[in-house]
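Please look over the sequence and the structure shown here before reading on. The report that follows takes up the surface, the overall fold and one group of strands.

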Amino acid sequence: LFRIALQNGCDGVEVHRLCRKCEPNEEIYLNKLVDFKNSHPDKEIVFGLGVIKFSRGQSDVVASELDSSIKFMEWAVKECGSRGMNLFTDALCPPLEPHLLAALEPHQAGSASATEEDYEKNASHLKTLGDAAASLGVLIALETHHGYIHDIPSSCRKLMDMVNHDSVGVNYDAGNIFLNRNGGSIADAFRLIGDKIYYAHL
């Protein structure tokens, strides 16, 4: 990945917070990222914080994952100079039998299954994470992805308005939105969330 990024003049790379497939040992994996940053200080490393089950996770688990994510952001800023984090909250699906869940289309899950309580819990925890990010000079971007409450521009807009935090925005992924029949056009996306797009997957 690093070699391809350098060969093609990329500004940096996006990597997972932990990648068991490419390196089972977390310490070795993270040290490799630090080495890359030290060798190429002009390159940005954006981390995927992973998935935090803000709306339907157990409260003690959510608190633990929040704390872990904040500590990781602190590490990423100190060791890699990171300024952006990609994030997912929990996947939302309607209460169906497993064989029916497997047949769901993108427009039938995610925000289509979200309740007002789901939005409220997400907003509350994102404010907490946003405060931590602000203190570190980091921006958090929720990736528009099917299956999540932040899957399409309209749900992102609702969530962003509820969070109302300068450090929390959207990672605009046009391809993921395209898969959802409720996603709307690119023009719709920029009209709805253009002011909150902090990052993009092209």
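Predicted model: local features only at pLDDT ≥ 70, side-chain atom pairs only at ≥ 80, totals over all residues.

## Overall fold

The protein chain contains 8 helices and 6 strands, and, read from the N terminus, these elements follow the order α-β-α-β-α-β-α-α-β-α-β-α-α-β. The radius of gyration is 17 Å, close to the 17 Å that the globule rule gives for 202 residues, so the chain is as compact as a globular protein of that length.

Taken along the principal axes, the box filled by the C-alpha atoms is roughly 50 × 40 × 35 Å. Of the 202 residues, 45% count as buried, and, among contacts between residues at least 6 apart in sequence, 77% join residues at least 24 apart.

## Strand 2 and its partners

Strand 2, which spans residues 44-52, is mostly covered, with 7 of its 9 residues buried. Strand 2 pairs with strand 1 (residues 12-16) in the parallel sense over 5 bridges, and in this pairing glycine 12 has glutamate 44 of strand 2 as its bridge partner.

Strand 2 also pairs with strand 3 (residues 84-89), again in the parallel sense, over 4 bridges, and here glycine 48 stands opposite asparagine 86 in strand 3. As a general point, the side chains of a regular strand alternate between the two faces of the sheet.

Key. Residues numbered from 1 in each chain as written. Heavy atoms only, no water. Helix = DSSP H or I, 4+ residues; strand = E, 2+ residues; numbered from the N terminus. Rg over C-alpha atoms; globule rule 2.2 N^0.38 Å. Buried < 20%, exposed > 50% of the residue type's maximum accessible area, 1.4 Å probe, protein only. Contact = heavy atoms within 4.5 Å. Pairing = 2+ DSSP bridges.
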